[in-house]
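Dear colleague,

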Amino acid sequence: MSLWDWAAATYARPGVSQACLDLQDGHQQNVCFLLWAMWANPESDALRAGVGMAREWETIVLKPLRGVRRRLP
């Protein structure tokens, strides 16, 4: 199963979207990274590399976009 199909099906399950958003808002976790980590079950080296990339993407792109989105009426 592709990552997209798995992530969409998983995120749609009862309680998962809210849990992911709670982790995002309360613990600064990147939802896409969390879903990828569960899907891929990567080895520790891949997971460490993914964490670094996800943190950088979060800081540079996602946080500013999320802030704008939440200010919209």
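At 14% relative accessibility, Phe33 counts as buried, whereas Trp36 is partly exposed at 24%; buried means under 20% relative accessible area, exposed over 50% and partly exposed in between, with a 1.4 Å probe and protein chains only. The model is a predicted one, in which local features need pLDDT of at least 70 and side-chain atom pairs count only at pLDDT 80 or more, while totals for chains, interfaces and linings use all residues. Residues are numbered from 1 along each chain as its sequence is written, and side-chain values use heavy atoms, with hydrogens and water left out.

Phe33 and Trp36 are three residues apart in helix H3, and so are separated by about one helical turn (helices are DSSP runs of H or I with at least four residues, numbered from the N terminus). The count of aromatic pairs comes to one. Its rings, those of Phe33 and Trp36, have centres 5.6 Å apart and planes at 40 degrees, so the pair is tilted. Rings of Phe, Tyr and Trp (its six-membered ring) pair if their centres lie within 6.5 Å, with planes under 30 degrees apart counted as stacked, over 60 as edge-to-face and the rest as tilted.

The structure also holds two salt bridges, each defined as a side-chain nitrogen of Lys or Arg within 4 Å of a carboxyl oxygen of Asp or Glu. One joins the side chains of Arg70 and Asp25 (2.8 Å, N to O). Arg70 lies in helix H4 and Asp25 in helix H2, so this pair ties together parts that are 45 residues apart in sequence. Arg70 is partly exposed at 47% relative accessibility, as is Asp25 at 42%. The other salt bridge is formed by Glu58 and Arg66 (2.7 Å, N to O), and both of these residues are buried.

Turning to helix H1 (residues 3-12), Thr10 lies within it and is buried, with a relative accessible area of 12%. Leaving aside residues up to four places away in sequence, Thr10 touches Val16 and Leu35, contact meaning heavy atoms within 4.5 Å.

Technical notes. Helix = DSSP H or I, 4+ residues; strand = E, 2+ residues; numbered from the N terminus.
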